Amino acid sequence: MDLKFFDKIALSTFTSIEKQSLYQLLCGAMIIDGNRDAREIAVINEVKQIMGISVADVEASRKLSQPTMTSTLRNMDTLKKAYVGKFMAQVILADGVVSQKEEQFFYYMHELLDLPNMD
């Protein structure tokens, strides 16, 4: 992923619980179609690396409740939410096929988390 200076600054502002919530969301996006494609896993691993999502964050993400994850992501500022939407889309698009379930998941989470439109 090609990151610019300002991307690095913005991504460095994510808190630990925001990283955990993002990771949980991306894993959900990966499995919503019933497949764990290697290309989707590669995108998640790349996001983990650039975000500095640690093994401890991954473990903690598994203990987050759905309401906590949702609330955390929903209450982030607009810039952070834009990255959430971008990363979620990259996971969904990684295998080259967007299933109806993936599309529905994306639009549902877009609304639920009040993600910004990318017009």
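Predicted model: local features only at pLDDT ≥ 70, side-chain atom pairs only at ≥ 80, totals over all residues.
**Entry: aromatic rings**

I took two numbers for each pair, since a pair of aromatic rings is described by the distance of the centres and the angle of the planes. I began with F5 and F6. Their ring centres are 5.3 Å apart and their planes stand at 75°. Planes over 60 degrees apart count as edge-to-face, so F5 and F6 are an edge-to-face pair. I then checked their accessibility and found that both F5 and F6 are exposed.

I also looked up F106 and Y107, which form an aromatic pair. For F106 and Y107 I noted 5.6 Å from centre to centre and 85° between the planes, and this pair is edge-to-face too. Is Y107 buried or exposed? Y107 has 52% relative accessibility, so it counts as exposed.

**Entry: the chain as a whole**

I went through the secondary structure next. The protein chain has seven helices and zero strands. Read from the N terminus, its elements run α-α-α-α-α-α-α. The radius of gyration is 13 Å, close to the 14 Å that the globule rule gives for 119 residues, so the chain is as compact as a globular protein of that length. I noted the extent of the C-alpha trace as about 35 × 35 × 25 Å along the principal axes.

Of the 119 residues, 43% count as buried. The accessible surface comes to about 6700 Å², and carbon and sulfur atoms account for 55% of that surface. I looked at contacts between residues at least 6 apart in sequence, and 80% of these join residues at least 24 apart.

For charge, I noted 13 positive and 16 negative side chains. The centres of the two sets lie 6 Å apart.

**Entry: I44**

I picked I44, which sits in helix α3, residues 38-51. I44 has a relative accessibility of 4%, so I wrote it down as buried. Which residues does I44 contact, leaving aside neighbours within four places in sequence? I listed Y23, L26, C27, M30 and V91. I also took one distance from I44: H110 is 66 residues away in sequence, and the two C-alpha atoms are 18 Å apart in space.

**Entry: T70 and L113**

T70 belongs to helix α5, residues 66-74. Its relative accessible area is 11%, so T70 is buried. Not counting residues up to four places away in sequence, T70 touches L112 and L113.

L113 is buried, because its relative accessible area is 0%. With neighbours within four places left aside, the contacts of L113 are L25, T70, L73, R74, K81 and V84. T70 therefore turns up again, now from the side of L113. I also noted that L113 and Q100 are 13 residues apart along the chain, with 20 Å between their C-alpha atoms.

**Entry: D114**

Most residues other than glycine have a negative phi. I found that D114 has a positive phi of about 55°, although it is not a glycine. D114 lies in the segment after α7, the helix of residues 100-112. How large is the relative accessible area of D114? I noted 47%, so D114 is partly exposed.

Methods
Residues numbered from 1 in each chain as written. Heavy atoms only, no water. Helix = DSSP H or I, 4+ residues; strand = E, 2+ residues; numbered from the N terminus. Buried < 20%, exposed > 50% of the residue type's maximum accessible area, 1.4 Å probe, protein only. Contact = heavy atoms within 4.5 Å. Rg over C-alpha atoms; globule rule 2.2 N^0.38 Å. Areas by Shrake-Rupley, 256 points an atom, 1.4 Å probe, with all protein chains shown as cover. Lys, Arg positive; Asp, Glu negative; His and termini not counted. Charge placed at Lys NZ, Arg CZ, Asp CG, Glu CD. Phe/Tyr/Trp six-rings, centres within 6.5 Å; stacked < 30°, edge-to-face > 60°.
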